[in-house]
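Let's take a walk through a protein model together. Have the picture open and follow along.

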Amino acid sequence: MASAPPPASDPGTSHQPATAIALLSGGLDSATAAALAIEAGERVIGLSFDYGQRHRRELQAASRIAAALGLSEHHTLEVNLAAWGGSALTDPDQAIPGEGVLEGLIPSTYVPGRNTVFIALGLSLAEARGARRLVLGVNAVDFSGYPDCRPDYLDAFQSLADLASRAGRQGRGVKLWAPLVQWSKTRIVQEALRLGIPIASTWSCYQGEAEPCGVCDSCRIRDAALIEAGRPDLAGR
């Protein structure tokens with residue numbers, strides 16, 4: 001599901017790089033996962049979602065990352081998950097939590113059904129384009145409370161994907177690839193540095209101000225990892 005590197009070429013066409021669809025949120029994790037697929041020889045198409053999030057900063061970051069990685073295509077789909085609320089990331093009337101991640105508690109920043117919707121749409125694009133991989137930057141370590149960022153969720157979705165598609169029924173279904181799912185944030189930062197990802201161009205903050213707030217859970221985890229990885233100069237950016 002997550003650990004094996006993607007193939008460098010499509011079966012029977014070794015001169016053709018295999019195609020992968022990478023979900024790009026604009027954050028560090030999805031950028032790193034996409035870069036790993038490129039390093040492994042994939043032709044990567046980026047897919048981002050305007051889902052009614054509180055700000056545009058992460059979508060702007062996704063466009064910058066797609067350009068920096070030299071993606072052959074980058075699409076942004078509008079899927080209005082904010083219409084029915086249910087998350088601090090889509091409802092401006094809800095406060096963004098800043099007390100830190102609490103073990104065993106699903107935080108209010110969880111967006112109901114978000115990854116299920118995104119992965120389903122990513123699989124649709126992947127099958128339409130003949131892609132063999134759907135590259136996901138999900139991580140279960142930092143946000144273990146999110147039910148749709150866990151290995152068992154990804155395993156179950158893989159089974160569904162194999163049953164729900166023509167390609168899957170023919171034994172050539174799209175494979176979910178989540179290389180970072182069990183990585184620490186520090187390891188992700190280290191890998192991003194090795195891959196030359198412009199970290200300052202990514203956006204992880206839940207707020208949409210001119211600068212990252214440094215207080216929300218996402219900022220705290222990111223900054224701590226940057227400091228631990230020896231790059232305090234990138235913290236707060």
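We'll start with the sheet and then move on to a helix.

First, some ground rules: this is a predicted model, where local features need pLDDT of at least 70, side-chain atom pairs count only at pLDDT 80 or more, and totals for chains, interfaces and linings use all residues. Residues are numbered from 1 along each chain as its sequence is written, and side-chain values use heavy atoms, with hydrogens and water left out.

Find the open sheet: five strands, in the order β5-β4-β3-β6-β7, with parallel pairing. (Strands are DSSP runs of E, at least two residues, and helices are runs of H or I, at least four, numbered from the N terminus; two strands pair if DSSP finds at least two bridges between them.) β5 (73–78) and β7 (175–177) are at the edges with a single partner strand each, so one side of each has no neighbour in the sheet.

Now zoom in on some pairs. β4 (residues 43–50) runs parallel to β5 over six bridges, and Ser-48 sits opposite Thr-76 in β5. β3 (residues 19–23) pairs with β6 (residues 133–135) over three bridges, also in the parallel sense; there, Ala-20 has Arg-133 of β6 as its bridge partner.

Next, hop over to helix α7 (residues 217–228). Just after α7, Gly-230 takes a positive phi of about 85 degrees.
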